[in-house]
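Reader: Please take me through one part of this model in detail. I would like the helix packing first, then the sheet beside it.

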Amino acid sequence: MIHAKNGDCMNILIIGSTSGLAFDAGCRLLEKDHFVYFTTHYRNQVNQVINKLKQLGYSTNYKCFSLDITKKRDRQKITKLPIDCLFCHGAMGLGGSLFDLSIEQIRENFEVNVFSNMTLIKEYLETCLKKGTHGKIVITASLAGLMPVPFMDSYSATKAALISFATTLYYEQKIFSLPYSIKIIEPGIYKTGFNEYMLTTISKNDFFSSEKFCTWERKVFQFLSKKNYGTITKKMVNAIESSSTKFIYRAPLSQVIFLKIYLLLFK
């Protein structure tokens, strides 16, 4: 088994760390001498991640492998690993309103974003409880789970479900003093290409045309998107390392302030 270098460092497994926010957070964790398991959805992405890490100057203290959380066989890969923190970041983006999507598409979106993550967390925590070790969970949700975005109906709903799920786990831990900690990350709009991709995959429906609105919405996203990941990846690292009882980590600040105003006026 592979362990972190010393008692102050952890072994962290990141779901969905091929690129973007999670990959950047993983690099920050390597710089702080943690051991990081980078996982990809597809096998052919493994070497891509390894090559990127090497190009950035990282040669040790990590391992990369494919992990499809919808498959039990893949989830079992992590049960024998010495994981101090499970960072559930992976998600499936799905753009479109209810009228653009089939129920099968929405069901798949919930299977990937909600049910598979819930299953993985359940299996991880039960393993920790049986071993008598302390478990740590960090879940990436989204500000879209609190302020749903038009034409991201299904995606916003999956993130809202994750927020509710994480909150109940948090309260259960507090009530029963269970040997785990849980934290949730709620990023705003960052220029990772993820949100833009969802808006470009919307198909035409038989009831109304959303083309003009979606074109406008894409422009808004481009204007608001933060190119620098630093504000949110710093929050991710803080959530992973922190032993405090703080539960929610949000960024960027401008969008968090807008969210609070929105909730005050419309909730």
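Author: Axes here are lines fitted to C-alpha atoms, for helices over the stretch in contact, and angles run from 0 to 180 degrees between N-to-C directions. Helices (H or I, at least four residues) and strands (E, at least two) are DSSP runs, numbered from the N terminus. This is a predicted model: local features need pLDDT of at least 70, side-chain atom pairs count only at pLDDT 80 or more, and totals for chains, interfaces and linings use all residues. Residues are numbered from 1 along each chain as its sequence is written, and side-chain values use heavy atoms, without hydrogens or water.

Start with helix H1 (residues 20–31) and helix H8 (residues 230–241). Their axes come within 9 Å and cross at roughly 60 degrees. That makes H1 oblique to H8, since angles under 35 degrees count as roughly parallel, over 145 as roughly antiparallel, 65 to 115 as roughly perpendicular and the rest as oblique. On the H1 side, the contact (heavy atoms within 4.5 Å) is made by Leu21, Asp24, Ala25, Arg28 and Leu29. H8 brings Gly230, Ile232, Thr233, Lys234, Met236, Val237 and Ile240.

H8 also lies across S1, S4, S5, S6 and S7. It runs at about 170 degrees to S7.

Now the sheet. Seven strands form an open sheet, ordered S3-S2-S1-S4-S5-S6-S7, with parallel pairing; two strands pair if DSSP finds at least two bridges between them. Strand S3 (62–66) and strand S7 (248–251) stand at the edges, each with a single partner strand, so one side of each is left without a neighbour in the sheet. Neighbouring strands are turned by 15 degrees against each other on average, direction ignored.
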